[in-house]
Amino acid sequence: MPSNMEIQRISATLGPPTGVREAPKVAKLIDTTTCIGCKACEVACQEWNDLQSEETSQFGTYQTLPDLTPNFWNLIRFNEHEEDGQFAWLMRKDQCMHCEDPGCLKACPAPGAIVQYNNGIVDFNQANCIGCGFCISGCPFDVPKINAKSGKVYKCTLCSDRVSVGLEPACIKACPTGCLQFGTKGNLLDIAQKRVEQLKSQGFKNAALYDPPGVGGTHVITILAYGDRPELYGGLPKNPKVPLYLGFMKTILRPLGNLLMLLGVVGAFAHFSRYGKREDKGE
Amino acid sequence: MTNGWVDIGNTDVALVMGGNPAENHPCGFKWVIEAKKHRNAKLVVVDPRFNRTAAVADQFVQIRAGTDIAFLGGLINYALENKRYHEEYLKLYTNAPFIIKEGLKLPEEDGLFSGFDEKKKVYDKASWAYELDKEYAKVDPTLEHPRCVFQLLKKHYSRYTPEMVSKVTGCSVEAFKKVAEIITSTYTPDRAGTVIYALGWTHHSTGVQMIRAAAMMQLVLGNIGRPGGGMDALRGHSNIQGATDMNQTHTLPGYLKMPVPDWQTLKEFNEATTPKALRPNVMNYWQNTPKFMVSFLKAMYGRNATKENDFAYSYLPKMTGNHSYVYAFDDMYKGGVKGLVSFGMNPVNNLPNSAKTLAAMAKLDWMVMVENFENEGAIFWKAPKEMGGLPPEQVKTEVFQLPAANFAEKDGTFTNSARWLQWKYKAIEPPGQAKPDMEILARIFLKVRELYQKDGGKFPDPVLQLTWEYGNPLNPTSEEVAREINGKTSADQIDDKTKQVTLKAGQLVPGFGALKDDGTTACGNWLHSGCFNEAGNNAARRSTADPTGLGMYHNWGFSWPANRRVMYNRASADANGKPWDPKRAGIKWNGERWVGDVPDYKVDSDPKEGLGAFIMLGEGVAKLYAIDFAEGPFPEHYEAYEAPVENPFHPKVSANPTAKVMSTDKDVFGKADKFPIVCTTYRLTEHFHYWTKHIRRLNETQPEFFVEIPEDLAKEKGIKNEQLVKVSSARGTITGKAMVTKRIKSMMINGKKVYQIGFPIHWGFAGQSTGPLANLLTPTVLDANSSMPEYKTFLVNLEKA
């Protein structure tokens with residue numbers, strides 16, 4: 001975890017952001033209409049992060065694995081789609097969306113296991129992770145994966161280490177067609193809007209940018225030709241939201257839970273002091 | 001490529017056929033994406049499968065594998081019928097006005113042109129010639145003479161109606177017309193289209209004619225010679241272009257012809273290979289052949305090549321027949337080859353009919369395999385029985401394995417598809433005993449020379465007198481060899497007019513324009529001359545200056561010939577030297593000289609003089625009609641050698657009558673009754689040919705061999721995704737997992753339902769990931785011009801394993 005990126009939010013910790021420096025929000029833009037599924041991004045991610053190779057097998061598709069794994073943080077999902085005699089082979093790069101309002105961070109009970117930097121990147125700190133898996137249920141995109149051996153959770157870091165020294169993420173560097181772009185979210189929104197307009201003029205009436213408001217917007221934004229049906233792209237949820245109860249997790253539920261637990265302990269002690277051990281009644 | 005990678009970014013329409021650039025050239029393919037994003041260019045893909053390129057295309061049309069000539073002929077007909085052709089361009093820059101002599105018969109009735117010898121399976125081309133007036137061809141500038149090329153072209157392709165295209169290729173008339181409109185839209189001067197292709201065209205018994213047909217279409221549309229236009233051939237290996245530039249079995253460096261026994265003297269060679277002008281007022285640049293040839297001989301034999309000994313021409317071996325790759329192994333199978341030295345070539349995996357290849361290699365006395373990984377060729381005797389392997393005890397070959405340095409472990413140039421020589425630097429030392437090919441060659445050569453010096457031999461001179469003047473003879477540097485290829489003088493060069501010394505003795509020549517046939521210049525490859533001259537290592541330049549804004553980058557690397565970026569660029573401007581499209585100017589006449597790109601033309605020739613635009617040809621103009629090829633002056637649709645139907649145009653002459661067919665006991669072929677399914681082979685992004693199965697990360701992303709099967713065929717045979725299936729041809733059987741897909745559809749061909757399947761080629765018995773040898777199934781039938789095997793269309797049967 002890089003030390004020179006200001007932390008804006010910390011899991012299971014109340015209180016205001018601790019940093020003072022300002023930073024523009026970054027984003028990764030994925031243009032699925034120019035993705036050729038070459039997997040340079042898959043290999044770049046593995047190589048940069050020195051991840052172990054997964055045991056893979058041919059399961060009837062060009063897709064490398066059925067799902068992300070603790071050792072495989074970004075996956076191109078291949079989907080064949082046919083309608084009205086038109087055929088499309090949809091390819092979407094799937095990885096952590098780096099939500100502005102991250103469900104994983106809100107769900108996490110371990111202080112400091114999940115942090116969000118002021119530039120928007122959401123990072124896991126395995127040193128503080130207790131392996132409970134709450135982040136998995138908190139994530140509307142089913143991204144975090146538990147490593148069975150270490151018991152810790154892993155996901156795309158948006159190359160926080162590279163970004164902290166002014167480099168672009170490894171996947172972006174490797175992408176040969178310019179399908180992946182990195183920069184400030186403001187700039188990329190402009191670029192994306194122009195591209196969506198171009199796609200609409202070419203006949204893709206429902207082309208849209210996927211930047212779901214239900215999670216406060218994301219720092220990984222995706223251009224979809226069939227923007228009205230994100231589920232075609234390997235199960236991208238149409239309207240992802242952070243589960244409602246998580247909104248109250250840190251502020252109300254957990255403190256309430258802690259309070260109840262404290263009261264329970266205090267109450268049990270008070271009772272013991274007052275009444276002593278339970279006595280046997282009867283011969 | 002006539003144009004280039006970056007130039008693709010200048011196009012309005014990119015037609016991709018016989019190639020899959022998104023799959024196999026993902027980096028170069030970004031230029032197609034750039035054109036789409038920044039110029040609203042249209043990408044049209046016409047292919048037997050919906051592939052990764054089709055995934056980002058504006059239009060996709062599926063055609064039956066091997067029917068590309070029918071489709072392209074249909075496009076030519078569509079352009080001519082609908083007056084969507086660039087008439088001025090045709091009149092100025094092609095042989096459309098040329099008149100053909102009486103007696104030419106077109107193949108409309110029986111599938112044959114005039115002059116076919118049934119027994120020898122070759123044409124007597126006498127009836128194909130131009131009608132001459134003394135030594136020049138007669139022309140009709142109005143294009144109306146019934147025997148002028150333009151009228152013959154119209155007549156020949158009039159049979160290629162949209163309905164006929166649909167019948168032969170299986171695409172719908174509607175789909176054909178839709179893409180025909182888009183593709184032919186580039187006929188106007190302000191629009192330009194390019195054709196991008198690769199082995200999906202070359203790997204057919206009619207491959208050369210497929211490419212021809214596309215080039216003709218591009219001429220009809222006026223797209224050759226212009227930025228954003230051209231014929232953009234995709235080469236495979238990083239330096240395959242450099243390799244073919246330097247030498248093929250039938251060519252010397254720079255595409256000079258390989259001598260044959262009929263040409264015993266240099267004079268006979270020059271006479272036979274130097275073309276004659278066929279029109280007045282043409283440059284006929286190949287008339288400089290003697291300069292290139294003598295300079296080449298001087299590079300080879302230096303001081304030992306003199307006027308007195310015919311510049312050592314007699315030291316060159318004379319080619320006694322076709323000894324290209326498939327022929328050589330056919331010879332080997334017949335016991336005619338003792339030894340093989342193979343540099344980075346894997347015959348077991350890349351030749352058709354692997355069982356024959358394995359049997360052939362077993363007959364060698366010895367073999368030297370120079371390789372970066374221990375691939376199938378290097379351990380051919382370990383081939384399993386089911387892959388056609390012989391029992392190892394039956395293999396008597398003595399094998400020498402020499403580990404070679406990989407691409408990042410040595411420096412030198414790669415010449416890419418765009419003809420750019422780009423210098424690359426060594427990044428890391430080769431491991432263990434691995435050495436660069438240059439060093440391996442040098443050591444072998446010097447040892448052989450030593451033996452000749454000691455023991456003599458039948459004809460030692462070519463070996464003993466070869467120039468080998470390097471700082472360290474055992475390991476020449478790439479710079480030294482690059483300078484040899486560039487060329488230098490051995491005597492002061494004096495300008496005829498000014499009498500000044502333009503080059504001193506021993507200086508590097510600026511380019512091939514300085515080459516002489518008097519023995520005072522030496523040049524290893526005239527085409528590459530200019531790559532490393534007195535200005536320095538031009539292949540190592542990396543300037544991103546782009547004053548034209550068209551991505552020419554004249555100071556990035558060195559583009560042959562003469563650093564020209566777009567070839568045939570005189571045709572990018574009209575008769576007055578004004579560019580057809582001022583926003584994409586190739587060259588233009590500024591009143592005194594041609595400026596822009598390096599002119600493919602005499603730089604100070606006033607357009608009023610009307611010097612022929614295509615300077616390398618005796619006609620001075622591009623050949624819509626050409627007699628250079630085996631099959632005929634115009635491409636005609638012929639079925640693949642193993643085809644599911646008879647040729648709908650002329651069933652009696654179904655396949656290419658001139659195709660070369662190998663004929664040993666192992667060269668067996670199948671028919672549609674037993675093998676009803678069309679099969680094709682192809683590549684995957686994640687792998688490169690056969691050696692990436694040694695690489696962990698690539699095996700991770702594409703782990704196993706598979707067979708792509710259309711949904712309805714899978715249903716018919718009860719095959720589910722991931723189930724093991726057997727694919728068999730007349731030559732063998734392979735087993736693999738099924739990938740049931742919507743991306744290949746069944747087709748109706750002339751009323752018959754035809755299925756197509758396909759599989760990738762990358763597997764074999766060596767490496768971390770093993771699988772079947774794709775080429776166990778492919779046939780030994782070759783294109784008559786290129787000797788290229790028909791890997792891309794053959795007949796198979798499919799069943800559950």
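First, the housekeeping. This is a predicted model, where local features need pLDDT of at least 70 and side-chain atom pairs count only at pLDDT 80 or more, while totals for chains, interfaces and linings use all residues. Residues are numbered from 1 along each chain as its sequence is written, chains are lettered from A and ligands numbered from 1 in the order in which they are written, and side-chain values use heavy atoms, with hydrogens and water left out.

On confidence, the predictor gives the complex an ipTM of 0.93 and a pTM of 0.96. Chain B averages a pLDDT of 97, pLDDT being the predictor's confidence in each residue, from 0 to 100.

Okay, the A–B interface. Here 39 residues of chain A are in contact with 41 residues of chain B, contact meaning heavy atoms within 4.5 Å. Together the chains bury about 3,200 Å², with 53% of that on carbon and sulfur atoms. Buried area is the accessible area (1.4 Å probe) that two parts lose on being put together, summed over both. On the chain A side, look at A:Ile36, A:Gln58 and A:Tyr62: they supply 23% of the area that chain A buries against chain B, more than any other three residues.

How many salt bridges cross the interface of chain A and chain B? The rule finds four, a salt bridge being a side-chain nitrogen of Lys or Arg within 4 Å of a carboxyl oxygen of Asp or Glu. One of them pairs B:Arg697 with A:Glu47, and their closest N and O atoms are 2.7 Å apart. As for where chain A's touching residues sit, helix 1 (40-48), strand 3 (75-83), strand 4 (86-94) and helix 6 (185-201) each supply at least two. Those helices (H or I, at least four residues) and strands (E, at least two) are DSSP runs, numbered from the N terminus.

Now, inside chain A. There's domain 1 (7-242) and domain 2 (243-283), with bounds from an automatic or database domain assignment. Their centres, taken over C-alpha atoms, are 41 Å apart. Where they meet, 15 residues of domain 1 are in contact with nine residues of domain 2, and the two bury about 830 Å² between them, 61% of it on carbon and sulfur atoms. In domain 1, A:Leu14, A:Lys106 and A:Val242 lose the most area to domain 2, together 52% of what that side buries.
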